[in-house]
Amino acid sequence: MATQNLGGRYTFPGTELTVHRMGYGAMQLAGPHVFGPPKDRAECIRVLHRAIEAGVDHIDTSDFYGPHVTNQIIKEALHPYPKHLLIVSKIGATRGPKGEWNQDHSRETLISGVHDNLRNLGLDAIDIVNVRGTGLDKANDKFDIRPSMETAAQLQQQGLIKHIGVSNVNAKQIADAQAIAPVVCVQNMYNLANRADDALIDDLNKQGIPYVPFFPLGGFSPLQSGKLDEVARSLDATPMQVALAWLLHRSPNILLIPGTSSTGHLEENLKAAELELSDEALQKLDSIQDEAKK
Ligand SMILES: NC(=O)c1ccc[n+]([C@@H]2O[C@H](COP(=O)([O-])OP(=O)(O)OC[C@H]3O[C@@H](n4cnc5c(N)ncnc54)[C@H](OP(=O)(O)O)[C@@H]3O)[C@@H](O)[C@H]2O)c1
């Protein structure tokens with residue numbers, strides 16, 4: 001697969017980290033429900049190899065995917081890492097014995113989370129660590145991000161984290177975090193049908209901060225819409241490609257991390273960066289949010 005344009009490039013603020021806007025989210029490399037080993041480990045390794053071969057230089061992960069499994073697969077496939085590969089991880093949760101997701105922002109868990117990432121990825125320092133809040137489709141307004149940010153800033157001073165991002169957060173939590181240390185990216189749920197962060201994205205764009213939507217394809221509930229299908233048919237593309245192309249078009253500070261455990265889907269997703277959307281298509285895609293609200 002020849003190197004593709006991958007949506008152009010973006011530089012994280014205050015850093016020398018520049019990546020293609022089309023990246024890859026590694027959560028799908030773990031087993032069902034993001035727990036345990038994947039069904040086809042060899043295919044997962046192939047997915048990572050193909051991504052790098054195609055020019056992907058931004059991988060989003062966490063040590064609580066699996067747990068540990070996803071990072072171990074990334075290390076097996078790609079270590080020693082290509083010089084320009086950016087690996088972004090996140091801290092603020094643990095997994096229970098049956099795969100339960102436990103929100104945990106104790107100082108000990110945040111610190112051990114960073115060390116788990118370092119060990120399983122085979123790194124001395126992580127490029128970016130996102131301090132994760134406690135909501136999924138919507139940030140939990142009651143979460144106080146400041147103590148977690150203080151801990152992350154200390155880990156940064158110790159050289160274990162190069163830069164800090166935040167995820168699952170609202171505008172106030174971002175501002176609270178920025179008062180403690182520079183925030184180089186924000187990761188929240190956002191896609192064609194879930195657009196609660198529209199104003200936030202525009203505000204971050206003005207600040208030069210990238211917004212990295214998770215569940216760009218709908219996550220556990222893949223996007224489904226007659227209008228999306230219509231636009232896809234008119235472009236001879238797939239609905240998932242159109243959903244990604246729309247995000248790239250939505251704002252220049254959007255960086256993509258679609259997840260897949262399949263080389264076929266990976267190749268399909270990367271080609272989305274080449275799609276051009278007409279005004280008519282954009283209008284139709286914009287109206288999907290109203291459908292989703294009904
Ligand atoms: N901060 C957070 O709380 C948070 C939460 C969730 C995720 N994330 C991050 O965001 C990344 C992306 O999210 P995600 O992977 O959960 O959701 P997603 O990218 O919206 O969708 C992934 C799902 O879509 C399927 N898929 C991918 N490409 C496809 C294609 N071309 N055609 C049909 N189906 C396709 C995948 O299945 P196949 O494997 O079969 O392709 C998988 O089931 C994750 O990898 C993770 O790094 C962060």
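A residue counts as buried if 20 or more other C-beta atoms lie within 10 Å of its own, as exposed if 12 or fewer do, and as partly exposed in between, with C-beta atoms placed from the backbone. Helices (H or I, at least four residues) and strands (E, at least two) are DSSP runs, numbered from the N terminus. Bear in mind that this is a predicted model: local features need pLDDT of at least 70, side-chain atom pairs count only at pLDDT 80 or more, and totals for chains, interfaces and linings use all residues. Residue numbers start from 1 along each chain as its sequence is written.

**View 1. Strand 5, buried on both sides.** For strand 5 (residues 86–91), 6 of the 6 residues are buried, so the strand is largely enclosed by the rest of the structure. Leu86, Val88 and Lys90 point one way, while Ile87, Ser89 and Ile91 point the other way. Strand 5 pairs with strand 4 (residues 58–60) in the parallel sense over 3 bridges (a pair needs at least two bridges found by DSSP). Ile87 is the bridge partner of Ile59.

**View 2. Helix 8 and its wrapping.** Helix 8 (residues 239–250) runs for 12 residues and spans 16 Å from first C-alpha to last, close to the expected 16 Å (1.5 Å times one less than the number of residues). Of those 12 residues, 11 are buried, so helix 8 is largely enclosed by the rest of the structure. Among the buried ones are Gln241, Trp246 and Arg250. The cover includes helix 7 (226–235), helix 9 (263–271) and helix 10 (279–286).

View 3. Skipping neighbours within four places in sequence, Leu228 is in contact (C-beta atoms, placed from the backbone, within 7 Å) with Leu192, Leu223, Pro239, Val242, Ala243, Leu285 and Ile288. Asp229 sits in helix 7; it has 13 C-beta neighbours inside 10 Å, so Asp229 counts as partly exposed. Asp229 and Leu285 are 56 residues apart along the chain, with 10.0 Å between their C-alpha atoms.

View 4. Most residues other than glycine have a negative phi, and most peptide bonds are trans. The Gly66 to Pro67 bond is cis, with omega near -10 degrees, and Pro67 belongs to the loop between strand 4 and helix 2 (69–78). Another cis bond runs from His79 to Pro80, with omega near 0 degrees; Pro80 is in the loop between helix 2 and strand 5. Val34 has a positive phi of about 60 degrees, and with 21 C-beta neighbours inside 10 Å it counts as buried. For Asn168, phi is near 55 degrees, and with 27 C-beta neighbours inside 10 Å Asn168 counts as buried.

Note on methods. Contact = placed C-beta atoms within 7 Å.
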